[in-house]
Amino acid sequence: KRLNNKVAVFNVLGSHYLTQFRDMITCVEDREEEGPTQTRSGFFFIEDVFYDDMRDPEDENMLDNLDGSNVHRLSTDIIDWALKRDPSMKFTVKDMETIKFNSLKICLRRKYRYVHQGNCEHYFSIDEVSFLPSETVKTAASYPKLVWNTIQQTRFCTMCNQPATQIASNSRRLPQNPSFFCESHGDYLLKDSSGEFVDPATRVFTFIQDHEIVQ
């Protein structure tokens, strides 16, 4: 959820692992962090239990040793911080990829947390639990699936009617600060013939449309 507004609804089966649900969630932080700083580590925090995603043994933030010993979990730092504040606190830690939804202890409509990329936090809730009709069981392979998401506004290039792929700021050449551009017009307006910014203070970032984030 974003600012307490629902942005997507998923249907999952009790037989699905938590990792299958996690893989359905898309976030702009996963795209912005592409490269050597990206990490697949993340966790769900449900009823005082941390469910860490430990599927990526090549992630340098998750393994300290090549033999797989001394595994570092994203939840570790949070638990350490909490215990310093209150040593009597008790937490349980489990591997997300080993836990199915039908084994969870939950409260319907209670907000739970999903944390990834270090400190990017999302809220989610399980709003309904029901038995599936026989015809749905026959199509179980199509689950988990996105069944609803908000209709997001598309931002267009300031100079044409193409969807924006860049957001620029801090340049005296901008019609407004910030401004949105497609790739070709952003370069045309802000850079010289050698490919350098005309205004050295210019800052340009990749812009991802909201409807591309929640898919």
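**Close-up 1. An aromatic cluster built from seven named rings: F10, F21, F44, F101, Y112, Y114 and F124.** This is a predicted model, and the structure holds 12 aromatic pairs. Take F21 and F44: their ring centres sit 5.6 Å apart with the planes at 20°, so this pair counts as stacked. The two come from distant parts of the chain, with F21 in helix α1 (residues 18-22) and F44 in strand β2, 23 residues apart. Both F21 and F44 are buried.

Close-up 2. F180 and F207 are both buried.

**Close-up 3. The two sides of helix α3 (residues 75-85).** S75, I79 and A82 are the buried residues of α3. Looking down the helix axis, they fall within an arc of 65°, so they line one face. Their cover includes β2 (42-46), β3 (49-52) and β4 (92-95). Turned away from that buried side are W81 and K84, both exposed.

**Close-up 4. The second largest pocket, with about 200 Å³ of space.** Its lining includes F43, F45, F50, I78, W81, A82, R113 and E121. Helix α3 gives the largest share, three residues, and β2, α3 and β5 (112-116) each supply at least two. By type, the lining splits into nine nonpolar residues, one polar and two charged.

Key: Residues numbered from 1 in each chain as written. Predicted model: local features only at pLDDT ≥ 70, side-chain atom pairs only at ≥ 80, totals over all residues. Heavy atoms only, no water. Buried < 20%, exposed > 50% of the residue type's maximum accessible area, 1.4 Å probe, protein only. Helix = DSSP H or I, 4+ residues; strand = E, 2+ residues; numbered from the N terminus. Arc of directions from axis to C-beta. Contact = heavy atoms within 4.5 Å. 1 Å grid on protein atoms, 1.4 Å probe; cavity = no way out; pocket = protein on both sides within 12 Å on 5 of 7 lines; lining within 4 Å. Points joined across faces, edges and corners; volume = space filled by probe spheres on them. Nonpolar A, V, L, I, M, F, W, Y, C, P; charged D, E, K, R; others polar. Phe/Tyr/Trp six-rings, centres within 6.5 Å; stacked < 30°, edge-to-face > 60°.
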